[in-house]
Amino acid sequence: MTAQTGFPRSPVRKGMTRKQRRMVLIASAGAVLAISAGLVAYALRDSIVFFYGPTEVVEKGLMPGTRLRLGGLVGEGSVVRTPGQKVSFTVTDAKTTITVNYTGLLPDLFREGQGVVTEGVLEAPGRFRADSVLAKHDENYMPREVADALKKQGHWQPGDAKAGADAATTPAPAK
Amino acid sequence: MIVEIGHFALALALGVAVIQTVVPLWGVARQDPVLASVGPAAAIACFLLVALAFGSLMFSYVASDFSVENVASNSHSAQPLIFKLTSVWGNHEGSMLLWVLILVLFGALVALSRRSLPARLRAGALAAQGSITVAFLAFTLLTSNPFRRLVPAPAEGQDLNPLLQDLGLAIHPPLLYVGYVGFSISYAFAVAALIDGRIDAVWARAVRPWTLLAWTFLTLGISMGSYWAYYELGWGGWWFWDPVENASLMPWIAGTALIHSTVVMEKRDALKVWTILLAILTFSLSLLGAFIVRSGVLTSVHSFATDPQRGLFILAILVFFVGGSLALFAWRAPLLRQGGLFAPISRESALVVNNLFLATACATVFVGTLYPLVLEMLTGDKISVGPPFFNATFVPVIVPLLLLLPIGQSLAWKRGDLLGAAQRAQFAFGFAVLVTIALLALTRGGPVLAPLGVGLGVFLVVSAFWDLGERVVARASGAAAIWSRARGLPRSIWGTAFAHAGVGVTVIGIAATAWSTEGIGFLKPGQSLTSGRYTFTLESLAPRSGPNFTEEVARFKIRSGEREMKPVESMKRMYTARAMPTTEAGIRSDGFSQAYVSLGEREADGSIAVRAYDKPLVLLIWIGSLIMAFGGALSLTDRRFRVAAPRRAASAATMPQPAE
C-alpha cells in the first residue's frame, strides 16, 4: 500500500494527531496523483496521433516517417488490388491526392467516392502506408474530421456527400 | 390516434415531473406534511405516463406505422418482430425515451420502496430525481420528439441499421441504461442530504442498494456491449477505448468507488463528504456520457445523428446538474459533521486506498477521452487518443490496485493486522506465482505479459475465496456443518468474494488475449487456413436469403489437432433496404476459448478472403463480468438491506465482523 499503511505499527503511530494523519493521507493521495499525471503527460506526448487531410499533409510539410491519421474521400477508380491482400487507393480532398498502400482486408463499407479514415505512416511526400483502415458503421456516416477537412478545401456542400444536415435524419448508433 | 395519446402522455409527464420537483421541497420548507408527501404519488404517475408513451411508440413499431417519422426511418415491414421491438431504441429519439422511462422507473421504485426513510430525505431525493426528469423530458419533447408525423407517409420504412439487427440490441442498451440512469438515485440522495444538511449511516444504508443495483446492471450492460462488438464487427476486438465506451466505463469506475466508500460510511460513519462528492460525480459522468454519445462532439463508432441544437441542450443540462450540485456541495458540505478518525492499517484505510486508485484511474480515462476535444478547441489540431495512451496510463494505475486488493479485503475494521492479512494472502500469492512460472515455461518465447496477467488473475480468484474457505471449513467438520456455516455468513460477504473473483477471471481473459492469433487467407472450397490451434477448411460457399437481406454463406469445418469440432457458418450479408453489407462472424466455443472466422471480399478468381482467429480463454472476459454482477446481486439480497428498521449507526460501527 502507499505510505499511509507502509509504516510498522509502533507506539509513536498511535500518538499521531488527526492533523498528521490527514497529512499522510493527502501526501499519499498527492503521490499517486502526481505519478499518474506524469504518466498521462508522457503518454499524451508519445501515443497520440494527429489527424490531417491530404492538403494539410502537404502544407505542413510533414516528414516521412510521421505517424498520422489521414482522412478524405477514396478516389474514384483508384482502388487497385494485387495478390497477397495488397490494396492501393488514393485519398483526396479534391485539391491534393495521396496514394495509400494497405495490406489486409478492407472494412465492409469501404467504397470509392466515400469518406475514409486511415492510420499509418507517411512513407514519402504523397505516399502513405496504412496499417489500419477504420471501419464505419453506417453507409451515410461521414467521419466528422473528414467532413471538416473537405470543408476546408471548399469541397463540401451539405447534402453533397451524405453527411451534415442529412445525417440528422439517419441516426446511427453503432456497435 | 395511439401516437397522439403517447405524445400527450409524454407532455403530461413533464407537467407531473415539475410538480414532483417543486411541491415536496415547498412542503418541506413550509413544514407542511401533506405537500411534502406529494412526491411518491407524482413519481408513480410520472412513470405510468411515460410507460404509456413508450408503449404507444412500441405499438407503432409493431404495427409498422410509417406515418411516424421515427418508425419510417428506423424500421421496415419485413423485419422480424423482435427487431421491430428493439428498433424502438435503436435510434436517438427512441433511446432517449427509453432513458427517460428508466429514469422515472427508478423514481417510482424509490416512491414504492417500503424501506422506512426519513421523510425529509425521501422528499428531497424525489424532488431531485424529478428535476432530472423535467430536464430530460423537455429535451425529448423539444429536440427529439419520437412521435413526429410524416406527411405524406412513405409506403415502406428505411430499415434499421443492419449492424443493430441483432439480439445484442435487445439486451445491451436496456441493461446499460438501467446502470447509467440508476446512478441518478445516488445523485438524488446526495443532493437531498446536502439540502437537508445531515448525513449519517442511515443515508448510506438507504443509498447502497440503489448504487449496487445500478452498478450490477452497468457491469452487465458494458460487458454485453463488449461481447456484441466482438462478434458483430467481425474482427474479434472486444474493447476499443472508443470515446463512447469510455463514457460508460467512467461511471462504472466511479460507481465501483462509490460502492466501496458507502461501506465505510455505513460501518464507520466516516468518509461522508467524499462519498457525497462521489455520488454526485458518478451520475455527472453518466450525464457526460449522454452528452458525448448524442452531441457528436467526439468521433466514435457509435455515431448518433449530430445536431448542434441537441448538443447545446444536453450541454446545458450537464452544466446545470453538475454545476448546480457541485455549487450546493461547496456551500453545504462544510456543515456536514466530520466522521471519526481511523487507523492507518484497517479495512477503512484500505478502502480509502481503493478509492484513491479508482478515482485516479477514472481521471486518466477522463483526460484521454476529452483531451482531443479540448485540444481541438484550443489549437484546431485534430488528434486521436487510442489504446497506446490508455495502456500507458490506465493499466499502471489499475494493476497496483489489483495487487493490493487481496490484502485490503482481509484487513479487519478499525485496527487491522497487516502481517496477518499478508499471511492470509500468501497461499494465494504463492499459488499464483507457481501458475505464472509454469505458464512462462510452457509458452517460452511467447509474450511475457500474458503469464504475468494470468498470475494476477489467479491471485485475485484464489484470495477472494481463501478467507471464506478458512472461515467455513476450518471451523466446521462434515459437509452439513460446512454448508450451514457457509449459509450463515452474510450474503454481502459472499457477494464481495464473487465480485472480486470475477475481476480476477476477467483479468485472466484479458491477459490471454496476448496469445490470440490471426490468420488471413484467400480460400476456395476445399482449401484450409490455420490460425493458432485451429485449422479452418472452407466446405462450401452458397447464397441464401433472409427476411430482409440476402447473404453468402461460407461453411467451415474446424479441426483442432486431431479433433474434429462442430462446423460453423460465417456470412456476408447485404441488407436490401439500405444496400448495406455486414459481416456475420462464425464462432465456435471450445471450452473457454473460441475459434472465430469471418469473411472479407470475394476475389475475381472465385476465392473469398477469410480472417480466422484462435482466441484462447476469451470467454473468461465476459464470464468474469457475469460473476462480478452475480456478486453484486448477491450483496443486494443481504439481510441488512431488507430489514426495515434502520439500525442505529452506533451499533453498526461496533459490529465485530467485517461484512464487506
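A salt bridge here is a side-chain nitrogen of Lys or Arg within 4 Å of a carboxyl oxygen of Asp or Glu. B:Arg544 and B:Glu569 form one, with their closest N and O atoms 3.4 Å apart. This is a predicted model, in which local features need pLDDT of at least 70, side-chain atom pairs count only at pLDDT 80 or more, and totals for chains, interfaces and linings use all residues. Residues are numbered from 1 along each chain as its sequence is written, chains are lettered from A and ligands numbered from 1 in the order in which they are written, and side-chain values use heavy atoms, with hydrogens and water left out.

**Salt bridges**

- Over all chains, the whole structure holds 27 salt bridges.
- Side chains of opposite charge can pair when their charged atoms come close.
- B:Arg544 sits in strand β4 (residues 534–545) of chain B and B:Glu569 in strand β6 (residues 563–575) of chain B, so their pair ties together parts that are 25 residues apart in sequence. Strands (E, at least two residues) and helices (H or I, at least four) are DSSP runs, numbered from the N terminus.
- B:Arg544 is partly exposed, at 39% relative accessible area. B:Glu569 is partly exposed too, at 32%. Buried means under 20% relative accessible area, exposed means over 50%, and partly exposed lies in between (1.4 Å probe, protein chains only).
- B:Glu569 also meets B:Arg555 in a salt bridge, at 3.7 Å from N to O. This pair links distant parts of the chain, with B:Arg555 in strand β5 (residues 549–560) of chain B and B:Glu569 in strand β6 of chain B, 14 residues apart.
- B:Arg555 counts as partly exposed, with 32% relative accessibility.
- A network of salt bridges links B:Glu539, B:Arg544, B:Glu551, B:Arg555, B:Glu569, B:Arg573 and B:Glu584.

**A buried pair and its loop**

- B:Lys272 and B:Asp269 join their side chains in a salt bridge of 3.8 Å, N to O.
- B:Lys272 counts as buried, at 3% relative accessibility. B:Asp269 counts as buried as well, at 16%.
- B:Asp269 lies in the loop between α10 (243–268) and α11 (272–295) of chain B.
- The phi of B:Asp269 is near 55 degrees, a positive value in a residue other than glycine.

**Other backbone features**

- Most residues other than glycine have a negative phi, and most peptide bonds are trans.
- B:Gln31 has a positive phi, near 60 degrees, and is not a glycine. B:Gln31 lies in the loop between α1 (2–30) and α2 (33–36) of chain B.
- B:Gln31 counts as exposed, at 65% relative accessibility.
- The peptide bond from B:Val151 to B:Pro152 is cis, with omega near -5 degrees. B:Pro152 is placed in the loop between α7 (119–143) and α8 (167–196) of chain B.

**Domains of chain B**

- Chain B is assigned domain 1 (1–160) and domain 2 (517–615). These bounds come from an automatic or database domain assignment.
- The centres of domain 1 and domain 2 of chain B, taken over C-alpha atoms, are 43 Å apart.
- Nine residues of domain 1 of chain B contact five residues of domain 2 of chain B. Contact means heavy atoms within 4.5 Å.
- About 490 Å² is buried between domain 1 and domain 2 of chain B, and carbon and sulfur atoms give 49% of this area. Buried area is the accessible area (1.4 Å probe) that two parts lose on being put together, summed over both.
- Between domain 1 and domain 2 of chain B, the salt bridge count is zero.

**B:Asn548**

- B:Asn548 is found in the loop between β4 and β5 of chain B.
- B:Asn548 is buried, with 5% relative accessible area.
- Leaving out residues up to four places away in sequence, B:Asn548 touches B:Ala78, B:Gln79, B:Asp159, B:Gln165, B:Tyr575 and B:Thr576.

**Nonpolar surface patch**

- B:Val395, B:Val399, B:Leu403, B:Phe429, B:Val433 and B:Ile437 make a nonpolar surface patch of about 460 Å². Patches are made of residues with over 30% relative accessible area and no salt bridge; like charges are joined within 9 Å, nonpolar side chains (Val, Leu, Ile, Met, Phe, Trp, Tyr) within 5 Å. Accessible areas come from the Shrake-Rupley method with a 1.4 Å probe, and for residues only the protein chains shown count as cover.
- α14 (387–409) and α15 (418–442) of chain B each supply at least two residues of this patch.
- B:Val399 belongs to helix α14 of chain B and is partly exposed, at 32% relative accessible area.
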